[in-house]
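Work through the exercises below with the sequence and the 3D view side by side. Try each task before reading its solution.

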Amino acid sequence: MDIALKEIRKKINFFLKQDISPKQQRKWFESYQLNKENFMFVVQEFYDGSFINIGSMGYRDINGEIDVYNIMRGRKVHNSKNTMANAFTLMNNYIFDTCKLDITCKVLKENPANSWYEKVGFEKVKEVKDYWKYKLNTTNFRKLNIRKE
(Lines give C-alpha, C1' and ligand atoms only; values in the text may rest on other atoms or scores of the structure.)
Protein backbone atom coordinates (compact mmCIF):
# COMPACT_ATOMS: atom_id res chain seq x y z
CA MET A 1 0.00 0.00 0.00
CA ASP A 2 1.44 3.37 -0.88
CA ILE A 3 2.25 5.94 1.80
CA ALA A 4 -0.49 8.39 0.71
CA LEU A 5 -3.21 5.76 1.15
CA LYS A 6 -1.88 4.83 4.60
CA GLU A 7 -2.04 8.48 5.64
CA ILE A 8 -5.62 8.78 4.38
CA ARG A 9 -6.66 5.69 6.35
CA LYS A 10 -5.19 7.19 9.54
CA LYS A 11 -7.25 10.35 9.05
CA ILE A 12 -10.51 8.49 8.33
CA ASN A 13 -10.51 6.68 11.70
CA PHE A 14 -11.46 3.19 10.58
CA PHE A 15 -12.13 0.60 13.26
CA LEU A 16 -10.11 -1.91 11.29
CA LYS A 17 -6.51 -0.74 11.54
CA GLN A 18 -4.82 -3.29 9.27
CA ASP A 19 -4.97 -3.67 5.52
CA ILE A 20 -7.49 -6.05 3.95
CA SER A 21 -6.41 -8.33 1.13
CA PRO A 22 -8.55 -8.82 -2.00
CA LYS A 23 -9.26 -12.37 -0.77
CA GLN A 24 -10.55 -11.01 2.57
CA GLN A 25 -12.68 -8.46 0.72
CA ARG A 26 -14.26 -11.21 -1.41
CA LYS A 27 -14.93 -13.31 1.68
CA TRP A 28 -16.58 -10.35 3.43
CA PHE A 29 -18.72 -9.56 0.38
CA GLU A 30 -19.83 -13.20 0.01
CA SER A 31 -20.94 -13.31 3.65
CA TYR A 32 -22.57 -9.87 3.30
CA GLN A 33 -24.66 -11.14 0.37
CA LEU A 34 -25.92 -14.07 2.45
CA ASN A 35 -26.96 -11.91 5.40
CA LYS A 36 -30.49 -10.65 4.76
CA GLU A 37 -30.30 -8.36 7.83
CA ASN A 38 -27.34 -6.30 6.57
CA PHE A 39 -27.87 -3.34 4.22
CA MET A 40 -25.35 -0.99 2.59
CA PHE A 41 -26.08 2.16 0.61
CA VAL A 42 -24.15 4.58 -1.56
CA VAL A 43 -25.09 8.22 -1.01
CA GLN A 44 -25.14 10.45 -4.07
CA GLU A 45 -25.43 14.17 -4.58
CA PHE A 46 -26.51 16.01 -7.71
CA TYR A 47 -23.59 18.23 -8.60
CA ASP A 48 -22.63 20.04 -11.76
CA GLY A 49 -25.27 18.31 -13.88
CA SER A 50 -24.88 14.72 -12.70
CA PHE A 51 -25.07 12.47 -9.65
CA ILE A 52 -21.79 11.68 -7.93
CA ASN A 53 -21.04 9.26 -5.10
CA ILE A 54 -20.20 11.15 -1.92
CA GLY A 55 -20.41 8.52 0.80
CA SER A 56 -21.77 5.30 2.16
CA MET A 57 -23.77 4.02 5.11
CA GLY A 58 -25.28 0.80 6.28
CA TYR A 59 -27.19 -0.93 9.01
CA ARG A 60 -27.49 -4.44 10.34
CA ASP A 61 -29.30 -6.32 13.04
CA ILE A 62 -26.85 -7.54 15.66
CA ASN A 63 -28.40 -9.46 18.55
CA GLY A 64 -31.73 -7.62 18.42
CA GLU A 65 -30.35 -4.12 18.06
CA ILE A 66 -29.66 -2.13 14.92
CA ASP A 67 -26.04 -1.16 14.36
CA VAL A 68 -25.56 1.66 11.85
CA TYR A 69 -22.06 1.45 10.43
CA ASN A 70 -19.67 2.49 7.66
CA ILE A 71 -21.08 6.01 7.79
CA MET A 72 -18.44 7.62 5.61
CA ARG A 73 -18.44 10.89 3.75
CA GLY A 74 -15.83 10.51 1.09
CA ARG A 75 -15.90 13.07 -1.65
CA LYS A 76 -16.39 16.56 -0.26
CA VAL A 77 -18.32 18.65 -2.74
CA HIS A 78 -20.89 21.44 -2.75
CA ASN A 79 -23.27 20.27 0.01
CA SER A 80 -22.01 16.79 0.87
CA LYS A 81 -22.07 17.28 4.67
CA ASN A 82 -25.78 18.20 4.60
CA THR A 83 -26.56 15.51 2.03
CA MET A 84 -24.96 12.87 4.28
CA ALA A 85 -26.89 14.16 7.31
CA ASN A 86 -30.18 14.08 5.37
CA ALA A 87 -29.51 10.59 4.00
CA PHE A 88 -28.55 9.35 7.47
CA THR A 89 -31.71 10.86 8.95
CA LEU A 90 -33.79 9.24 6.22
CA MET A 91 -32.19 5.84 6.84
CA ASN A 92 -32.72 6.16 10.61
CA ASN A 93 -36.37 7.11 10.10
CA TYR A 94 -36.87 4.05 7.91
CA ILE A 95 -35.18 1.81 10.50
CA PHE A 96 -37.24 3.36 13.31
CA ASP A 97 -40.51 2.86 11.41
CA THR A 98 -39.83 -0.69 10.23
CA CYS A 99 -37.54 -2.45 12.69
CA LYS A 100 -38.80 -1.24 16.07
CA LEU A 101 -35.36 -1.90 17.61
CA ASP A 102 -32.82 0.37 19.29
CA ILE A 103 -30.58 2.11 16.76
CA THR A 104 -26.94 2.27 17.82
CA CYS A 105 -23.48 2.92 16.44
CA LYS A 106 -19.86 2.78 17.55
CA VAL A 107 -17.58 5.74 16.87
CA LEU A 108 -13.87 5.88 17.63
CA LYS A 109 -13.07 8.43 20.33
CA GLU A 110 -10.60 10.27 18.12
CA ASN A 111 -13.07 10.53 15.23
CA PRO A 112 -13.80 14.24 14.61
CA ALA A 113 -17.37 13.28 13.58
CA ASN A 114 -18.46 12.48 17.16
CA SER A 115 -20.24 15.84 17.45
CA TRP A 116 -21.97 15.18 14.09
CA TYR A 117 -23.59 12.02 15.49
CA GLU A 118 -24.89 14.06 18.43
CA LYS A 119 -26.27 16.73 16.08
CA VAL A 120 -28.28 14.10 14.19
CA GLY A 121 -29.87 12.70 17.36
CA PHE A 122 -27.47 10.16 18.87
CA GLU A 123 -26.42 10.16 22.52
CA LYS A 124 -23.38 8.55 24.11
CA VAL A 125 -24.51 5.59 26.19
CA LYS A 126 -21.32 3.64 26.84
CA GLU A 127 -17.60 4.25 26.85
CA VAL A 128 -15.48 1.38 25.64
CA LYS A 129 -11.68 1.31 25.49
CA ASP A 130 -11.22 3.22 22.21
CA TYR A 131 -14.76 4.09 21.09
CA TRP A 132 -18.11 5.48 22.18
CA LYS A 133 -21.31 3.53 21.79
CA TYR A 134 -24.16 5.82 20.74
CA LYS A 135 -27.90 5.25 20.74
CA LEU A 136 -30.45 7.24 18.74
CA ASN A 137 -32.68 9.27 21.04
CA THR A 138 -36.01 8.38 19.45
CA THR A 139 -37.98 10.95 21.44
CA ASN A 140 -36.30 13.99 19.95
CA PHE A 141 -34.60 13.05 16.69
CA ARG A 142 -35.77 14.60 13.43
CA LYS A 143 -38.70 12.49 12.26
CA LEU A 144 -39.69 12.54 8.61
CA ASN A 145 -43.08 11.80 7.11
CA ILE A 146 -42.21 8.86 4.88
CA ARG A 147 -45.01 7.80 2.54
CA LYS A 148 -45.62 4.08 2.30
CA GLU A 149 -47.26 3.00 -0.92
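## Exercise 1: Contacts and overall make-up

Among contacts (heavy atoms within 4.5 Å) in the protein between residues at least 6 apart in sequence, 47% join residues at least 24 apart. The model is a predicted one, in which local features need pLDDT of at least 70, side-chain atom pairs count only at pLDDT 80 or more, and totals for chains, interfaces and linings use all residues. Residues are numbered from 1 along each chain as its sequence is written, and side-chain values use heavy atoms, with hydrogens and water left out.

Task: state the secondary structure of the protein and its order along the sequence.

Solution. 
- Step 1. Helices (H or I, at least four residues) and strands (E, at least two) are DSSP runs, numbered from the N terminus.
- Step 2. The protein has four helices and six strands.
- Step 3. Reading along the sequence gives the pattern α-α-β-β-β-α-β-α-β-β.

Task: find what share of the residues is buried.

Solution. 
- Step 1. Buried means under 20% relative accessible area, exposed over 50%, and partly exposed in between (1.4 Å probe, protein chains only).
- Step 2. Of the 149 residues, 32% count as buried.

## Exercise 2: Strand pairing

Task: which strands pair with E6, and how do they run?

Solution. 
- Step 1. Two strands pair if DSSP finds at least two bridges between them.
- Step 2. E4 and E6 run antiparallel and are joined by five bridges; Val107 stands opposite Trp132 in E6.
- Step 3. E5 and E6 also run antiparallel, with six bridges; here Phe122 stands opposite Leu136 in E6.
- Step 4. Two residues lie between E5 and E6, which form a hairpin.

## Exercise 3: Salt bridges

Task: how many salt bridges does the structure hold, and what does the one between Glu65 and Lys133 tie together?

Solution. 
- Step 1. A salt bridge is a side-chain nitrogen of Lys or Arg within 4 Å of a carboxyl oxygen of Asp or Glu.
- Step 2. The structure holds five.
- Step 3. In the pair Glu65 and Lys133, the closest N and O atoms are 2.7 Å apart.
- Step 4. Glu65 is in strand E3 and Lys133 in strand E6, so this pair ties together parts that are 68 residues apart in sequence.
- Step 5. Glu65 counts as partly exposed because its relative accessibility is 24%.

Solution. 
- Step 1. Glu127 lies in strand E5 (residues 122–128) and Lys109 in the loop between E4 and H4, so the pair ties together parts 18 residues apart in sequence.
- Step 2. Lys109, at 31% relative accessibility, counts as partly exposed.
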